Amino acid sequence: MSRAFVVRLGLAYLGLYSAVLSVALVTLALRIEHVDPEHKESSLAVAAALGALVALFANPLAGRLSDRTTAAWGRRRPWLVAGVLGGGAGLAVVALVPSVPAITAGWCLAQAGFNASIAALAATVPEQVPLHQRGMVSGVMGFSQRLAVPLGMGAAALFSAGPAGLLVPAAVAAGCIALFALPLQDTRAPERQRPFSLREFAGTFWTDPRSHPDFGWVWLTRFLTYFASVAPVPYLAYYLTDHIDLSGGTVATTVALLTTLNYTLSAVTAALGGWLSDRMGRRKIFVTAAAVLLAAGLALLAVADALPAVYLAQTLLGVGSGCYFAVDMALATEVLPSSEDVGKDLGVINSADVLPQSIGPALAPLLLAVGHGHNYTALYLFTMVVGLLALVTVTRIRKVR
């Protein structure tokens with residue numbers, strides 16, 4: 001595995017997640033607040049949930065179809081390119097059409113396109129990277145994925161809810177994917193394949209955990225950790241306004257600073273942790289550390305009544321999520337059931353980070369409504385409990401140390 005491949009892979013993840021996570025976690029909320037301030041919470045919940053639902057199906061389906069692609073361009077490259085172009089078109093709709101239904105439709109298109117690229121990109125890791133280097137590569141991917149958000153936040157802070165805050169990340173994603181896809185040593189799938197039946201289509205979204213228990217436990221561990229890491233984030237701006245009593249332009253600036261702190265620490269921790277994981281030959285200890293640190297940060301947010309405590313909480317959340325992202329992809333690729341369905345199985349694994357983006361926004365209004373409304377204590381304590389369950393599930397993974 002060449003260093004050039006690792007650099008291009010890191011840049012590809014950086015570009016894709018700049019366009020996806022920064023919008024999902026921050027820019028989408030700002031855009032909806034700009035268009036529909038009176039119903040921002042419910043409108044955000046619907047848009048985020050529908051977009052995540054589309055991503056839930058798009059990722060494994062694109063992965064399976066790329067497994068079967070026999071194009072002269074290879075099996076992964078067509079999906080990398082077509083996906084990022086479709087995702088960019090969706091963000092253009094979000095940026096340019098001032099209507100909540102249009103924003104929701106555009107976000108669904110963006111999720112479908114970008115997740116097709118993500119599925120194809122993830123499949124290149126087990127195909128190109130030796131086992132003993134996957135911790136390092138997982139750390140690079142985690143670094144890029146986490147660094148993408150503060151970079152996207154920079155665009156959000158610079159352009160607020162304006163079109164450039166969405167169009168610039170889309171253009172960057174297209175450029176980074178082109179840089180990775182063009183020199184990729186890709187191969188086409190075997191020509192002789194059974195027809196793509198309805199049964200195979202249904203099986204795209206499922207890998208039996210009874211036959212592959214480690215795969216099931218890795219999926220559940222990822223779901224729990226992602227939920228603790230990302231589910232409450234879209235409501236950070238509202239939390240600062242309603243709970244900490246910030247107002248005006250201060251909110252956007254503070255959200256940018258807090259998110260930058262969180263994700264920069266997460267990126268650095270992921271890169272160092274991935275390298276250390278390969279040196280130690282261990283993965284699960286990093287997941288344990290992540291669950292503990294995420295729980296501490298969420299507990300602090302639940303009781304915080306001043307901005308310094310919020311900054312400390314974001315520090316804990318950043319280091320905690322970085323510990324997990326250091327080994328996330330390494331864990332996933334070491335429990336894959338079959339080398340023939342890499343794209344499909346990684347797509348199923350990827351659904352574990354998409355679901356929290358759907359379930360979180362759906363549950364958040366219910367938790368916030370507990371008591372007299374705007375109950376952020378209930379929101380963060382519930383999220384903390386979910387994250388702590390990863391301490392149990394990670395111990396059930398047998399194949400990986």
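Colleague: Is R222 buried or exposed?

Modeller: This is a predicted model, so the values are computed from its atoms. The cut-off for buried is under 20% relative accessible area. R222 has a relative accessible area of 2%, so it is buried.

Colleague: Which residue forms a salt bridge with R222?

Modeller: The general idea is that side chains of opposite charge can pair when their charged atoms come close. Here the partner of R222 is D353, with the closest N and O atoms 2.7 Å apart. The pair joins distant parts of the chain, since D353 lies in helix α14 and R222 in helix α8, 131 residues apart. D353 has 8% relative accessibility and therefore counts as buried too.

Colleague: How many salt bridges does the structure hold?

Modeller: There are 11. One of them joins the side chains of R210 and D208, at 3.2 Å from N to O. In that pair R210 is exposed, with a relative accessible area of 73%, whereas D208 is buried at 18%. Another joins E33 and K40, with an N to O distance of 3.2 Å. E33 is partly exposed at 28% relative accessibility, and K40 is buried at 12%. Salt bridges also link D67, R75, R76 and E127 in a network.

Colleague: What lines the second largest pocket?

Modeller: The lining residues include F57, F205, W206, F215 and W219. By class, the lining has nine nonpolar residues, three polar and no charged. The space in this pocket is about 220 Å³, and α2, α8 and α14 each supply at least two lining residues.

Colleague: Where do the buried residues of α6 fall, seen down its axis?

Modeller: An α-helix has 3.6 residues a turn, so residues three or four places apart point the same way. In α6 the buried residues include L166, P169, A170, A173, C176, I177 and F180. The buried residues of α6 fall within an arc of 135°, so they line one face of the helix.

Colleague: What span should α6 have?

Modeller: At 1.5 Å a residue, its 18 residues (164-181) should span 26 Å. The end C-alpha atoms are 25 Å apart, which agrees.

Conventions. Residues are numbered from 1 along each chain as its sequence is written. This is a predicted model: local features need pLDDT of at least 70, side-chain atom pairs count only at pLDDT 80 or more; totals for chains, interfaces and linings use all residues. Side-chain values use heavy atoms; hydrogens and water are left out. Helices (H or I, at least four residues) and strands (E, at least two) are DSSP runs, numbered from the N terminus. The expected span of a helix is 1.5 Å times one less than its number of residues. Buried means under 20% relative accessible area, exposed over 50%, partly exposed in between (1.4 Å probe, protein chains only). The arc is that of the directions from the helix axis to the C-beta atoms. On a 1 Å grid over the protein atoms alone, a cavity is a set of points where a 1.4 Å probe fits but cannot get out, and a pocket is an open set with protein on both sides within 12 Å along at least five of seven lines; lining residues have an atom within 4 Å of a point. Grid points are joined across faces, edges and corners, and a volume is the space filled by probe spheres set on the points. Ala, Val, Leu, Ile, Met, Phe, Trp, Tyr, Cys and Pro count as nonpolar, Asp, Glu, Lys and Arg as charged, and the others, Gly among them, as polar. A salt bridge is a side-chain nitrogen of Lys or Arg within 4 Å of a carboxyl oxygen of Asp or Glu.
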